[in-house]
Amino acid sequence: MLVTLCAAVILLVAADLISKAAAVSVLSQTGGALEFIPGLIRFEYHKNTGMAWGLFSNATWVFVVITIITGGLIVFILLKTLRTMPRNLQLGLALVLSGAIGNLVDRVALGYVRDFIAFDFINFPVFNFADSCITVGAALLVASILFTKSGRAYFAALDEKKQKPEKTDGEKTADCAADNGGEAGAEPDVKQAESK
């Protein structure tokens, strides 16, 4: 399953970078904007140095650090609990990780993120394929945790494992002796009987 997730992440990141490059190439020839579905969706090129709606502009390296930490945490969680994690949670994390990596490549290589998808029917920030991956992945994670038995059971098991105290060396030794039927403790009594 790990190989499948890695392949999915690589394909999604590649799709994001290809779509950005294609959008920049086409929109540079159309004055930076192009109608796709009139009244619904248009393509409009933006260089985003911050977050949505222009928040935290010129904070590129802050977002680079945050993305690296978040991405590292997702990879750690996947590697640590992949065998017991439900498929829907795996997919959600893979989508979020893909989107994070796609935008991270832009920030490191260009100093900004290439956004090009815009809605005409609502006031919504211009976004890209990576943003879509992050949004869908986050929604899938929330839905899985709140509305699926497998998601709730997974987090309940993690919580139970976290609260369960780890046994000391003495307790582990006692458990081993108990598993062996108390043979280790009975041996001295046998020797004492033979000496009599």
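Modeller: Bear in mind that this is a predicted model. To begin with a cysteine, Cys133 counts as buried, with a relative accessibility of 5%.

Biologist: And Cys6, buried or partly exposed?
Modeller: Cys6 is partly exposed, its relative accessible area being 40%.

Biologist: How many disulfides turn up?
Modeller: A search over the whole structure gives zero disulfides.

Biologist: Changing topic, where does Asn103 sit?
Modeller: Asn103 belongs to helix H3, which covers residues 87-110, and with a relative accessible area of 8% Asn103 is buried.

Biologist: Which side chains does Asn103 have polar contacts with?
Modeller: The side chain of Asn103 makes a polar contact of 3.1 Å with that of Lys20, and another of 2.9 Å with the side chain of Asp131. Leaving aside residues up to four places away in sequence, Asn103 also touches others, including Asp16, Val113 and Ile134.

Biologist: Now the sheet: what is the strand order?
Modeller: Three strands make an open sheet, ordered S1-S2-S3, with antiparallel pairing. Strands S1 (33-37) and S3 (113-119) are at the edges, each having a single partner strand, so one side of each lacks a neighbour in the sheet. On average, neighbouring strands are turned by 35° against each other, direction ignored.

Biologist: What joins S1 to S2?
Modeller: Four bridges join S1 to strand S2, residues 41-48, and Glu35 stands opposite Arg42 in S2.

Biologist: Which helix packs on the sheet, touching S1, S2 and S3?
Modeller: That is helix H1, residues 2-27, whose direction makes about 75° with that of S3, whereas H3 lies across S2 and S3 and runs at about 130° to S3.

Notes
Residues numbered from 1 in each chain as written. Predicted model: local features only at pLDDT ≥ 70, side-chain atom pairs only at ≥ 80, totals over all residues. Heavy atoms only, no water. Disulfide = S-S within 2.5 Å. Buried < 20%, exposed > 50% of the residue type's maximum accessible area, 1.4 Å probe, protein only. Helix = DSSP H or I, 4+ residues; strand = E, 2+ residues; numbered from the N terminus. Polar contact = N/O pair within 3.5 Å; in protein donor to acceptor, adjacent residues only side chain to side chain. Contact = heavy atoms within 4.5 Å. Pairing = 2+ DSSP bridges. Axes fitted to C-alpha atoms, helices over the stretch in contact; angles between N-to-C directions.
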